[in-house]
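This report covers salt bridges and nonpolar packing. The structure comes first.

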Amino acid sequence: MSVKHGGSALLCCILMVLSFGVAAGAAVSEDIATALDCRHAVVDRVRAIQTLARSDDERALETLATILSDGSEDGRIRATAARGLAFKREPRAEIITLLEDIYQEPSADDNLLYTVLFSLGRMQATEAFALLAGAVSNGRSMIRFKAAQALGMLGSDDAISLLITRLDGETDKMVRAEIVQALGETRNSKAEAALVRALRNDSEPLVRMNAALMLGGYESLSAAAVSALDRAEYDESPAIRRIVKGIER
Amino acid sequence: MRKITMMAVSLIIFLCAGQSFALERGAILYHTSEDGKMYGETDILELPCSITDALILREIKSGHAALYIGNERIIHAVGTGVEEADSESFITQGELDRGFEYVGAKVPVDYDTWTEAEKDQLILIARQQVGADYDLQFRHQKGPYDDGFTCVGLVEYVYERVGYDITPGGYYPGTGTGKIYDQDYDCIDAGFQSGTNTFAEEVEFSRIEHPLASGLNIGMIHDDARYIFFPYTQYLQDTTVAVETDVAVSGGSRSEDDSWCFIATAASGSAMHPHVSVFRDFRDWYFRTSVPAAAARHPWPALSPGTGFSRP
């Protein structure tokens, strides 16, 4: 009798698991259909793409890749798919290649390009170093800005070296400030030396201010950094003077 | 002759300088939703009833907020993520036709004392967020990164990062300063239930009670209740003052369908946004990445011109 009851319970459990599986599969199918169909409202497609990005279903990856690769698709829907793929992270090589391909598209819209660069950074895609190295020298300042941000997220030695080189040649203060932030967040000693130079020599208060802030994040500072911070207490910018006074050294 | 030369030089300089605008980078722009409505602006705090309306919470009539970054460009969080756009697309022509109204622009009360570098820093931080997700379920609202932003959450976050707290943190459950409204949800989807909605006037988060909110997993959860940060709450704060808008903020042609600030939708993946305090996120991030411990108590003393605004 007990064996019978046990068998029924087991059968019941199996049926429940199966039915949950079927229901989940149906939900994924529905999300895929919604994500791919441009007749659906953008909000529904975004919701579907975000859900697919967090799904373990194998079909989700293919769907996001299809949307991202479709040049006729709305740029912002593609950007959502790019973020979704970066969130999934695996299979890494394929996702990075897809993102790199989008960056090379001549007609990709600006916000999609920014999202691609940002996503490569979020993935710490050291494999995309060559692309990011090109982007950080792009003619458009916002592309350089997002590339610098992504290189900082990579945090690799070659990324740090490149950012240090770019800091000297960059003409846009906003991009230089982002390079300084990107370098500072690595907490790397080579980066520290570059921050010291920026704090001492950069003509723009915005850049010096970020150099001071980033140096303030280091657990221990070199003698050169301490000296630069001491000197910055007399910086012409009151904002920098206030920041430096708050930094322990 | 010398006078004529001087006049000619002045004229050339004037012409070369082109058009210059008084609206400063860092100004916050606000507009209403359809028919000039903006949640909290009137006494009636109605939320959509049916699941169709609720799934597209444009019906919430939340309004929208964006950060002006200069040169007739804005950065704002819309349903497809944080993006940079022309300021004229802040309110599209189609939205104008549907009764969306520009509310105005505001800057911090002491913005004239901010240095140029401090104002630039706002833009720098806003640019860093471009490409981040939109928080479809309002579970975090102030990002960063994968947690996503809402429109007003993005603006608040950027200002907080430079140490200026526009809207004091906190939750308004219905006791304190704000508005309360009992709503009957008279539709099948909502089971003809009722709820009490609030609008916070002095702190960030307003409590909402909607029969579908739990099922759709919408809102930041605090003390077993669900909360949303509305643009009009931020607009009301006396930490900012209104300034003249002399740039185009409407009439653009951005796609109509994705111009909403407040949308929400059901999540099939219920664990996509575990509940974590947004303040903890912010503090953790800041301690980890930016500042020495001594400065961390006041994240950015130099960029807190109004430290008195950091009300508890």
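## Salt bridges in chain A

In this predicted model, A:Glu73 and A:Arg45 form a salt bridge, with the closest N and O atoms 2.6 Å apart. A:Glu73 sits in the loop between helix 3 (58-69) and helix 4 (75-88) of chain A, while A:Arg45 belongs to helix 2 (residues 42-53), so that distant parts of the chain, 28 residues apart, are linked. Both A:Glu73 and A:Arg45 are buried.

A salt bridge also joins the side chains of A:Asp110 and A:Arg140, at 2.6 Å from N to O. Because A:Asp110 is in helix 6 (residues 110-122) and A:Arg140 in the loop between helix 7 (129-135) and helix 8 of chain A, the pair ties together parts 30 residues apart in sequence. A:Asp110 counts as partly exposed because its relative accessibility is 31%; A:Arg140, at 40%, is partly exposed.

## Chain B and the network

B:Arg98 and B:Glu34 meet through their side chains in a salt bridge of 3.9 Å, N to O. B:Arg98 lies in the loop between helix 3 (93-97) and strand 6 (102-108) of chain B, and B:Glu34 in the loop between strand 1 (28-31) and helix 2 (51-55), 64 residues apart. B:Arg98 is partly exposed at 29% relative accessibility, and B:Glu34 is partly exposed at 25%.

One network, joined by salt bridges that share partners, contains A:Lys173, B:Glu24, B:Arg25, B:Glu116, B:Lys119 and B:Asp120. Over all chains, the structure holds 26 salt bridges.

## Nonpolar core

The largest nonpolar core has 156 residues, of which A:Leu68, A:Leu120, A:Leu183 and B:Tyr159 touch the most other members. Helix 8 (residues 141-154) of chain A gives this core its largest share, nine residues.

Methods. Residues are numbered from 1 along each chain as its sequence is written. Chains are lettered from A and ligands numbered from 1 in the order in which they are written. This is a predicted model: local features need pLDDT of at least 70, side-chain atom pairs count only at pLDDT 80 or more; totals for chains, interfaces and linings use all residues. Side-chain values use heavy atoms; hydrogens and water are left out. A nonpolar core is a set of buried Ala, Val, Leu, Ile, Met, Phe, Trp, Tyr and Cys residues joined through side-chain atoms within 4.5 Å. Buried means under 20% relative accessible area, exposed over 50%, partly exposed in between (1.4 Å probe, protein chains only). Helices (H or I, at least four residues) and strands (E, at least two) are DSSP runs, numbered from the N terminus. A salt bridge is a side-chain nitrogen of Lys or Arg within 4 Å of a carboxyl oxygen of Asp or Glu.
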